[in-house]
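Biologist: I'd like a close look at one part of this model, the aromatic side chains. Could you walk me through them once it's on screen?

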Amino acid sequence: MTQTVFEKMKTAISVLKLDFTTEEFATFADDQELSEEAIEAVQAVFSYISEKKQQTTVQTLLKLSRLPKKEPKTFENFDFSLLKSRDLDRIRALPSLGAVYSHRNRGCGQNLGPNKATGGSACTLMSNE
């Protein structure tokens, strides 16, 4: 189903939220004795402006959403060749989550603070168990 010029105009006017109706435009076109080509040109301008407004709205919402604009760093796309560390083997083993599955990291990483009775942290206490 193809839309008429006035139906397209009505859609564009509603997107632009103008206080203007297609009846008013028809009256204006009749008063100004606009040709069909001129009416179609005006409709094309309204359609272009409404499309531009929709694209601007989408771009603004994307900016405000704080979604990442580039591909996030993951273990799959990280370049381990840049690392220089004596614990390089342990770092390369991180993607397998072996430490999590073997329960070697229980309690560490939590903000437990120092243990006042022994003077050590919870992580050092658990690693000494």
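Biologist: To begin with, does Phe-20 count as buried, exposed or partly exposed, and what is its relative accessibility?

Modeller: Keep in mind that this is a predicted model. Phe-20 comes out as partly exposed, because its relative accessibility is 26%, and buried would need a value under 20%. From there, let's go to the ring pairs. A pair of aromatic rings is described by the distance of the centres and the angle of the planes. The count here comes to 3 aromatic pairs. Take Phe-6 and Phe-25: their ring centres sit 6.0 Å apart with the planes at 55°, so this pair is tilted. Phe-6 belongs to helix α1 and Phe-25 to helix α2 (residues 22-31), so the pair ties together parts that are 19 residues apart in sequence. As for accessibility, Phe-25 counts as buried because its relative value is 2%, while Phe-6, at 33%, is partly exposed. Phe-25 also forms an aromatic pair with Phe-20, and that one is edge-to-face, with 6.4 Å from centre to centre and 75° between the planes. Put together, Phe-6, Phe-20, Phe-25 and Phe-46 make up one aromatic cluster. Lys-10 is part of helix α1 (residues 5-16), and its relative accessibility of 57% is why Lys-10 counts as exposed.

Note on methods:
Residues numbered from 1 in each chain as written. Predicted model: local features only at pLDDT ≥ 70, side-chain atom pairs only at ≥ 80, totals over all residues. Heavy atoms only, no water. Helix = DSSP H or I, 4+ residues; strand = E, 2+ residues; numbered from the N terminus. Buried < 20%, exposed > 50% of the residue type's maximum accessible area, 1.4 Å probe, protein only. Phe/Tyr/Trp six-rings, centres within 6.5 Å; stacked < 30°, edge-to-face > 60°.
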